[in-house]
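Please look at the sequence and the 3D structure shown here, and then read the briefing that follows, which takes the topics one group at a time.

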Amino acid sequence: MTIVIAGYITLVGLILGSFYNVVALRVPAGESLVRPPSHCTSCGTRLTARDLLPVASYLLSWGRCRHCGAKVSPLYMLGEMATGLLFLWVYLQYGLSGQGITGFVLVSLAVIVTVADLKYMLIPNKVLLFFLPLLLVLVILFPEGPLWSQLLGGSAGGLIILLLALLGGMGMGDVKLFALLGWVIGFPNVILAFLIACTLGSLAGGTLILLGKVKRRQPIPFGPWLAAGSLIAFSYGSQLISGYLALIR
């Protein structure tokens, strides 16, 4: 039965991932989520159900529009795949518990923010405002620790990135995002999430520089790494911190 539910959760994640792509790509551009219907951005042809199967449509068409042959960004498929796999991960970790519901919402925010930031280097206020009340209520309804930990996590998350933003290294979207993520994962997990984000961001940036994809001092989006660090801290924070403290004793 667990396998059946896990498969269903993954499928739901894939389908939602397709919608999250629409949100991430249209909201920052000021476009409607429903008008115009899904279409090829090159030839304008309206897409049918055959073109909108999560992941499968991209693979079957070899990453091209089957109407005009134009290349389709792999970001669409990656957003769908990431959502499906992360939904599966949350279910295997927490099941359909309160913490699991919080995890699904956190993953949803992370995917939308990642796609939007990679595409536009922008974290939309509308997206953050939509998820803010959901995550505020979920953390209160299904607490994993004392409320002061969540408040301190949100305050520390926002303050850390605000200081970097004042130095010119981050945007205000990152500040608001990490404050919200800090509220969910609490303190001291927010510190761990920031360190993980810095490590992942540095590795990704260094690799892109070595490959010649970006130039030195060229800005790269940091929102995806804040989201990734927060997801890791959300699930494994206590174990990682306990393991680190055991090593330095």
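Contact here means heavy atoms within 4.5 Å, and helices (H or I, at least four residues) are DSSP runs numbered from the N terminus. The model is predicted, so local features need pLDDT of at least 70, side-chain atom pairs count only at pLDDT 80 or more, and totals for chains, interfaces and linings use all residues. Residues are numbered from 1 along each chain as its sequence is written, and side-chain values use heavy atoms, with hydrogens and water left out.

**Helix α5**
- What covers the buried residues of α5 includes α1 (2-26), α4, α6 (147-166) and α7, where buried means under 20% relative accessible area, exposed over 50% and partly exposed in between (1.4 Å probe, protein chains only).
- The buried residues of α5 include Val127, Leu128, Phe131 and Leu135.
- The 17 residues of α5 (residues 125-141) should span 24 Å at 1.5 Å a residue, and the end C-alpha atoms of this helix are 24 Å apart, which agrees; the expected span is 1.5 Å times one less than the number of residues.
- At Leu132, α5 bends by about 30°, and a proline, Pro133, follows within four residues; the bend is the angle between axes fitted to the seven residues ending at a residue and the seven starting there.

**Leu180 in helix α7**
- Leu180 has its place in helix α7 (residues 172-185) and is buried because its relative accessible area is 5%.
- Not counting residues up to four places away in sequence, Leu180 touches Leu109, Leu128, Phe131, Leu132 and Leu135.

**The largest nonpolar core**
- Among the 54 residues of the largest nonpolar core, Leu109, Phe131, Leu177, Phe178 and Leu226 touch the most other members; such a core is a set of buried Ala, Val, Leu, Ile, Met, Phe, Trp, Tyr and Cys residues joined through side-chain atoms within 4.5 Å.
- Helix α4 gives the most to this core, with 11 residues.
- Phe178, leaving aside its neighbours within four places in sequence, is in contact with residues including Ile161, Phe194 and Leu226.

**Aromatic pairs**
- The whole structure holds 6 aromatic pairs, in which rings of Phe, Tyr and Trp (its six-membered ring) have centres within 6.5 Å, with planes under 30 degrees apart counted as stacked, over 60 as edge-to-face and the rest as tilted.
- The rings of Phe19 and Tyr20 have centres 6.3 Å apart and planes at 55°, so this pair is tilted.
- Phe19 counts as partly exposed at 40% relative accessibility, whereas Tyr20 counts as buried at 9%.

Definitions and conventions:
Helices (H or I, at least four residues) and strands (E, at least two) are DSSP runs, numbered from the N terminus.
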